[in-house]
Amino acid sequence: MKILLIIFGIISFVLGVIGIILPILPTTPFLLLSAFLFSKSLDRFHQYLIQTKLYQKYINEMVIERKTTRKKRNQSLFTVTLVFFIAILITPVRIGKICLLIVMSVHHFIMLKKVEIVNE
């Protein structure tokens, strides 16, 4: 099973890198998927990932503990809204636009209803 996760992680990573060059492929989802697959297949990679400053500063607090400051939540909502708005504008396929709107809506719902606001 670990070998399959590594193989799919490599494929996802390669597609993400190709997405940097070709605007047809989305880069971020493939790179996030490869990070997820590698972290599930390699314990050493998982330990490295959760010890990075970026993970500790943003992801651990928000995803694991389900709490964040109002400022970080608003920054996240603004960034996600901006990125999805640009993606919706450049996506030529209507079903793609609908999928992007659904994903953005789910993100906003989780951030506004499921993540607790703590004092700074």
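A nonpolar patch on the surface is formed by Ile 10, Phe 13, Val 14, Val 17, Ile 18, Ile 20, Ile 21, Leu 22 and Ile 24, which together have about 860 Å² of accessible area. The structure described here is a predicted model. Ile 24, one of the patch residues, is located in the loop between helix 1 (2-21) and helix 2 (27-41). Ile 24 counts as exposed because its relative accessibility is 74%, and exposed residues are those over 50%.

**Overall architecture**

The protein chain contains six helices and two strands. In sequence order, these elements follow the pattern α-α-α-α-β-α-α-β. Along the principal axes, the C-alpha atoms of the protein chain fill a box of roughly 45 × 40 × 25 Å. Of the 120 residues in the protein chain, 23% are buried.

**The largest pocket**

The largest pocket holds about 2000 Å³ of space. Its lining comprises 44 residues, and Thr 28, Pro 29, Leu 32, Val 80 and Phe 84 are the ones that lie nearest the centre of the pocket. By residue class, the lining of the largest pocket divides into 29 nonpolar, 12 polar and three charged residues. At least two lining residues are supplied by each of helix 2, helix 3 (43-51), helix 4 (53-64), helix 5 (70-90) and helix 6 (94-114). Helix 5 provides the largest share of this lining, with nine residues.

Met 104, in turn, is buried because its relative accessible area is 15%, and the limit for burial is under 20%.

For each of these residues, a C-alpha separation to a partner elsewhere in the sequence is listed below.

| Residue pair | Separation in sequence | C-alpha to C-alpha distance |
|---|---|---|
| Phe 109 and Arg 70 | 39 residues | 15 Å |
| Met 104 and Thr 81 | 23 residues | 7.1 Å |

Technical notes:
Residues are numbered from 1 along each chain as its sequence is written. This is a predicted model: local features need pLDDT of at least 70, side-chain atom pairs count only at pLDDT 80 or more; totals for chains, interfaces and linings use all residues. Side-chain values use heavy atoms; hydrogens and water are left out. Patches are made of residues with over 30% relative accessible area and no salt bridge: like charges are joined within 9 Å, nonpolar side chains (Val, Leu, Ile, Met, Phe, Trp, Tyr) within 5 Å. Accessible areas come from the Shrake-Rupley method with a 1.4 Å probe; for residues, only the protein chains shown count as cover. A salt bridge is a side-chain nitrogen of Lys or Arg within 4 Å of a carboxyl oxygen of Asp or Glu. Helices (H or I, at least four residues) and strands (E, at least two) are DSSP runs, numbered from the N terminus. Buried means under 20% relative accessible area, exposed over 50%, partly exposed in between (1.4 Å probe, protein chains only). On a 1 Å grid over the protein atoms alone, a cavity is a set of points where a 1.4 Å probe fits but cannot get out, and a pocket is an open set with protein on both sides within 12 Å along at least five of seven lines; lining residues have an atom within 4 Å of a point. Grid points are joined across faces, edges and corners, and a volume is the space filled by probe spheres set on the points. Ala, Val, Leu, Ile, Met, Phe, Trp, Tyr, Cys and Pro count as nonpolar, Asp, Glu, Lys and Arg as charged, and the others, Gly among them, as polar.
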